Structures are given as C-alpha cells and as structure tokens.
Amino acid sequence: MEDDCRPLLSSEQTGESYSHRGSTDSLDFKAKRPFHVEPRNIVADEPQERVSAEAAILNSRVHYYGRLTGSSDRLLSPPDHVIPRPEEIYIYSPLGTAFKVTSSDHSSKNPSIITIFAIWNTMMGTSILSIPWGIKQAGFTLGIFILIFTGLLMLYCCYIVLKSPKAIPYMDTSDWEFPDVCRYYFGKFGKWSSLVFSMVSLIGAMVVYWVLMSNFLYNTGQFIYNYAHNVNMSDSEFGTNSSDRVICPYPNTDPQGNYTVCTLYLSTNGNDTSDVSSFEHWWSKTNTIPLYLIILLLPLLCFRSASFFARFTFLGTISVVYLIVLVTVKAVRLGFHLEFHWFDTSQFYVPEFRLLFPQFTGVLTLAFFIHNCIITLMKNNRHQENNVRDLSVAYLLVGLTYLYVGVLIFAAFPSPPLSKDCLEPNFLDNFPSSDVMVFVARTFLLFQMITVYPLLGYLVRVQVMGQIFGNHYPSFLHVLALNILIVGAGVLMAKFYPNIGSIIRFSGATCGLALVFVFPALVHMISMKRQGALRWPSALFHSFLIVLGGANLLAQFFM
C-alpha cells in the first residue's frame, strides 16, 4: 500500500547517487544516462556512416526521455529497460561520432604519479631560465621568500579553479572548463574576457619562444662557425679566466666611478677579421636570425592539425632534466659566492631586499600559471578524491625545481670578479657560446621550442577562429593572416626588445590578473554567498587577492 501511494516522479533514488549519474567513470547500468546529439550536429561528409543504426536507435530512445524534462533536472533519467547492457553503451561526441565503451575499468585514467608529473612538465616552461634573474632583481633573501609566497598563492587560486565547476548546483558540469564557469557567473563578459586573457598568456609565450629561438639559433651557429674556423672568442668577451668561463654580455666596468674589473678583457684575436665581420653581418641575433625563423616556422603554423608536433612533447622533460644537471655541474665547479648586504649595494653584490621585487612576482605569476588547463589535466586522474593532494604535490615539485635552479645559479655566479648584476634574464647568456654543455642545452631547447611553437599557435587558432567563425580552420587565408600577426609580434620583439624577463613579467601579470586572482576570487565569493556561507574574513581575504593581482600588474609599469 505504501508503494502505491508513492509518486512516480519521486526524488528518492534507491541505491543510487546523483553524483554518479551521467558519469562515465562507472558502467553501472542503473547509473547511466548516455547523452545525445541532434541529427543536424552529426557530421556526414565522409563516405561511411558516422553513427551506426544501433546507436541511432539508442539516441532516439534517450532523446525521447530527455524531452520530458529540462536538461538540468536529473529526475527523469531513462528507465532500466531503455538502457542497454554495459557492453552496448555508446558515448556520443559533439561531432556525432559514437564511441563504444568496452570495459568498466579505469585503464584510461592516469595514476597520481603520472598526473603530478604531467602538471610539473606543463608548468616547466621558459620561465625557469629567468628565475635566477628574478632572484637578483628582488634580492637573494627576499627573492626566496617571494618565490615561496607566490607559489602558495598560485596554488590556492588554482585550487579554487579546480573545484569551481563542482560548486554549481543542478547542472552537469563534467565537461566544463574554467571559461564555462566564468560564462555561468558573468555571462558573455566572463566568456570573452577569459578568452582574451588566455590569449595574452599564449601569445606572450609565443613571443618569448621567438626571442629564445633566435638566441639559441644564433649561439648554436656561432659555436659551429667558431669550431669550424678555429675562432677563439675568449678575449673578446668580458668574463672569468677559469676553465668554466662565465661572461657578462653587457658589462659596466665602472658603475660607481671607483673601480674596474681588471680580470676581464676586450680585444680581438689574430684571426681574419674580414671573414668574421661578414659572418656577423649575416648571422646577427637581432637583425637576421628572427627573419630566418620565419622561413621555418610560418609554414608549420599553417598545418591543419598539430598532432605531429604533439609527439615531441617529451623533449620538454628531457630539456628540464638536462638543465637541472647543467646547473648542478656548474655550481659544483664554480662554488658558492655569497655575501649578505641587507640594504646597501656593494661593488660585486646586490642587497638582500630590493625595490625591484615586483619584476620577480610578474615572472612567477607566469611560471606557476596552469589555471587555464588544470581542470582538463585533473579529469584524467584515476582517483578524483586525490586531486587536491596531487595538485599540491605538483606545485611543491615545481617550486622546488625553481628554487633549486634559481638559488644555485645565483649563488654560484662568480662574484668577484663579476658583479651579481651581470645575471641575464636568460641565465644561459652568462655562459659563452663555446661552452659545450651549454651548447647541448641550447640545441635541446631550440629543437623543443620548434616543435612546441606550432602547438601554441594551434591553440591560439582554435580559440580565436572557433569563437569568431565557429570553425577552427575557416580558410587558409584566415589562418595565414592570424599566423602573420603572431609571427610579426615575435619578430618585432626579438629585434627591438629581446628581454625575455620583461616579456614574461608583463604577460604573466596581465593574464594572472584575470585568470589567477580576479575571476577565481569572485567565483569563490559568489558561490559561497549563494550558499549562505560567505563570512567577512573570507570576503576580506579574497578581496585582498584581487587587489594584489591589480597591484602586481600596475607595478610592472614602474620598474
């Protein structure tokens, strides 16, 4: 009798959990609700049928039940007799392809260790080359503190981004990214602003890549030319006289008017200067090399698919590991050269606390930036309950890597005879082109960047063309025009302002303002307010994050 009085559309689900309905993580047939696509969304420009007849029948059945209620209401899931056996379940892609699920295990998911190192590898970009320079700009002691503090702030904001889709009630957010969350809370403004700031980070990275590729290609060619023609450049560069030479590319031998660096030389050797000058005319770091790269990279950017270049992403891990080995070897051979001058500038050392520290915070904002893709990376984690732990471990490894490279290079920089102010935004520039270990590092990084650059261009094209034209490849001319603009920006920066430290800090502070500080803080406060759980300490702290992001960007213009 009790069962007869119970309404058919009861919200109680015996033995079921709504948190699992519609999920593909488990193939429990009672917890399945395959989603469908309209026939007009099915791509049918291939000879073979994209969706089988059996899958189409299942689509029609589920479509019928989907019409009975709103898409956000999960009460009317298809009944058990409509759902096929587990081995016959299909998952529909947005393009209309039906994928058959063949097993109920989690073999396609990654264990925690793979997820952690995927995050580590994604974050380990060109910023690692500027960490020693950033520590020099902030001061050794203050730089270490800023690195730790910024890493913790970025971790917390990344945690907010990661959990933001799950805080949205009554909607299936399983396939949402952070721009979708911004669109939910802020409408079209959130969608387009998140897109714009994401483009800033991507295009900024591509500009830095172009500057670095010009640098690495120049030094690689210089090494080969000098070796082939037996040219000795040691007397024409300011640097130490030890076997492990360290140079100061832009020295100021008398910055205070009371001393000179007597161990350094500026002279020419006895080689044929006409051949050298001719080579330098056609092999110039800023005048010719950035143009040579156009011949190689512009055609690669126009490829319709970037899948070929994705096969070489493992080179990023190899390059970072080799850089760590290089830094360790150089530190052991050079030894530590440290003196602590807390506020006063000395002849060879910088103060421990400097007012230029915002330059380092701008670099670190990009160095720890992974917020626009963290949700995607974590979806592939086998144990979703460990997401926060794995994210924290990944950030710890990234922070330790930056700390290791930055501290060792800064401490091992030979002062005296060189001043710590000679540390370059790319610390590899402090080693001569004749250094074999550094030559190998530059060659590795050059090849890695040549393969990664088209991937970044592909991401820019997909987001820009997809939003404007609704097609990732509207035509060759559209793609070519976009690529010319991107390449042109890189060429101009490599020619007129090849300072990767400044490019990284400006792009990092700009994209970080929205995607790291403002949007995550606002999303958290709005979500907590709707739940009635927002308290004034939390509101004050997250408002402080917004102010901090704005101050970080504003300070870059005064440094």
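This is a predicted model: local features need pLDDT of at least 70, side-chain atom pairs count only at pLDDT 80 or more; totals for chains, interfaces and linings use all residues.
Residues are numbered from 1 along each chain as its sequence is written, and side-chain values use heavy atoms, leaving out hydrogens and water. Local features need pLDDT of at least 70 and side-chain atom pairs count only at pLDDT 80 or more, while totals for chains, interfaces and linings use all residues.

**Exercise 1. Helix 10**

Task: Check the span of helix 10 (residues 314-334), then find what its buried residues pack against.

Solution: 
- Step 1. Helices are DSSP runs (H or I, at least four residues), numbered from the N terminus.
- Step 2. The expected span is 1.5 Å times one less than the number of residues.
- Step 3. Helix 10 has 21 residues, so it should span 30 Å; its end C-alpha atoms are 31 Å apart, which agrees.
- Step 4. Take buried as under 20% relative accessible area, exposed as over 50% and partly exposed as in between (1.4 Å probe, protein chains only).
- Step 5. The buried residues of helix 10 include Leu315, Tyr322, Leu326, Lys330 and Leu334.
- Step 6. Packing partners of the buried residues are helix 3 (112-123), helix 13 (387-412) and helix 14 (436-469).
- Step 7. After helix 10 comes Gly335, with a positive phi near 80 degrees.

**Exercise 2. Salt bridges**

Solution: 
- Step 1. Side chains of opposite charge can pair when their charged atoms come close.
- Step 2. A salt bridge needs a side-chain nitrogen of Lys or Arg within 4 Å of a carboxyl oxygen of Asp or Glu. The structure holds eight.
- Step 3. Lys379 lies in helix 12 (residues 374-379) and Glu177 in the loop between helix 5 (140-163) and helix 6 (178-229), so the bridge ties together parts 202 residues apart in sequence.
- Step 4. Arg354 is in the loop between helix 10 and helix 11 (357-367), and Asp421 is in the loop between helix 13 and helix 14, 67 residues apart.
- Step 5. Shared partners join Asp244, Lys330, Arg333 and Asp435 into one network.

**Exercise 3. Ser164**

Task: Is Ser164 buried or exposed, and which residues does Ser164 touch?

Solution: 
- Step 1. Ser164 lies in the loop between helix 5 and helix 6.
- Step 2. At 4% relative accessibility, Ser164 is buried.
- Step 3. Contact means heavy atoms within 4.5 Å. Ser164 touches Phe178, Val181 and Val523, leaving aside residues up to four places away in sequence.
- Step 4. Val181 is 17 residues from Ser164 in sequence and 7.1 Å away in space, C-alpha to C-alpha.

**Exercise 4. Helix 6 and helix 8**

Task: Classify the packing of helix 6 and helix 8 (residues 289-301).

Solution: 
- Step 1. Axes are lines fitted to C-alpha atoms over the stretch in contact, and angles run from 0 to 180 degrees between N-to-C directions.
- Step 2. The angle is about 125 degrees, with the axes 10 Å apart.
- Step 3. Under 35 degrees counts as roughly parallel, over 145 as roughly antiparallel, 65 to 115 as roughly perpendicular and the rest as oblique. Helix 6 and helix 8 are therefore oblique to each other.
- Step 4. Residues making the contact include Met206, Trp210 and Leu217 of helix 6 and Ile289, Leu293 and Leu297 of helix 8.

How values were computed:
Helices (H or I, at least four residues) and strands (E, at least two) are DSSP runs, numbered from the N terminus.
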